[in-house]
Amino acid sequence: MKKLVLALVFAFSSMAFISSCVNMDDTYEENLKKQEEYNKMVVEQFTKDTTLIVKYIADSSLVAQVDTSYGFYYIIEKPGSDNHPTTSSYVEVKYKGYLLNGTVFHETKENTTTSASLNTLISGWQLGLPLIGTEGKITLILPSYYAYGMSDYGSIPANSVVIFEIELISFY
């Protein structure tokens, strides 16, 4: 499983690298070397994140599942209906997002929801939210790769593992 996850991370990071770092003035060899360095950084960070997640789950006495295809962790609190959203769905949710140390970086206010097209949200949501149906509840524990990556995002530091508690209110 670990090799498959790392292969997928490598493939996705290669695509991200190509779209952001390839310099058309550099030689093929220079760009290849940059890509290899970038891929190594991504895999190293993914490995660090996974170690932190496994420790967090153990220290918190949680019973989490791992998506063996992608390497993110989740807890289905309530499965919800039999109909599940797809990445092309528009979803209405209540949620709370926080760091491993418990620092909340965003949440919906009491008695309010937020809506968005799932394909515009972070990849961890795109992978995790389809695991539940309407009125379902899931906790996603995401390596930084499936969240905000190597860049700071507001109050979220670069390379942060993030946790989301999500209730799927509806989708279409």
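Reader: Is Tyr-148 buried, partly exposed or exposed, and how do I read that?

Author: Buried means under 20% relative accessible area, exposed over 50%, and partly exposed in between, with a 1.4 Å probe and protein chains only. Tyr-148 has a relative accessible area of 22%, so Tyr-148 is partly exposed. Phe-105, at 17% relative accessibility, counts as buried. This is a predicted model, where local features need pLDDT of at least 70 and side-chain atom pairs count only at pLDDT 80 or more, while totals for chains, interfaces and linings use all residues. Residues are numbered from 1 along each chain as its sequence is written, and side-chain values use heavy atoms, leaving out hydrogens and water.

Reader: How many aromatic pairs does the structure hold?

Author: Rings of Phe, Tyr and Trp (its six-membered ring) pair if their centres lie within 6.5 Å; planes under 30 degrees apart count as stacked, over 60 as edge-to-face, and the rest as tilted. The structure holds twelve aromatic pairs. One of them joins Phe-105 and Tyr-148, edge-to-face at 6.4 Å centre to centre with 90° between the planes.

Reader: Which parts of the chain does the pair of Phe-105 and Tyr-148 link?

Author: Strands (E, at least two residues) are DSSP runs, numbered from the N terminus. Phe-105 is in strand 4 (residues 104-107), and Tyr-148 is in the loop between strand 6 (137-142) and strand 7 (162-171), 43 residues apart.

Reader: Why is the pair of Phe-105 and Phe-164 edge-to-face?

Author: Their ring centres are 5.6 Å apart and their planes lie at 85°, so the pair of Phe-105 and Phe-164 is edge-to-face. Phe-105 lies in strand 4 and Phe-164 in strand 7, so this pair ties together parts 59 residues apart in sequence. Phe-105 and Phe-164 are both buried.

Key. Helices (H or I, at least four residues) and strands (E, at least two) are DSSP runs, numbered from the N terminus.
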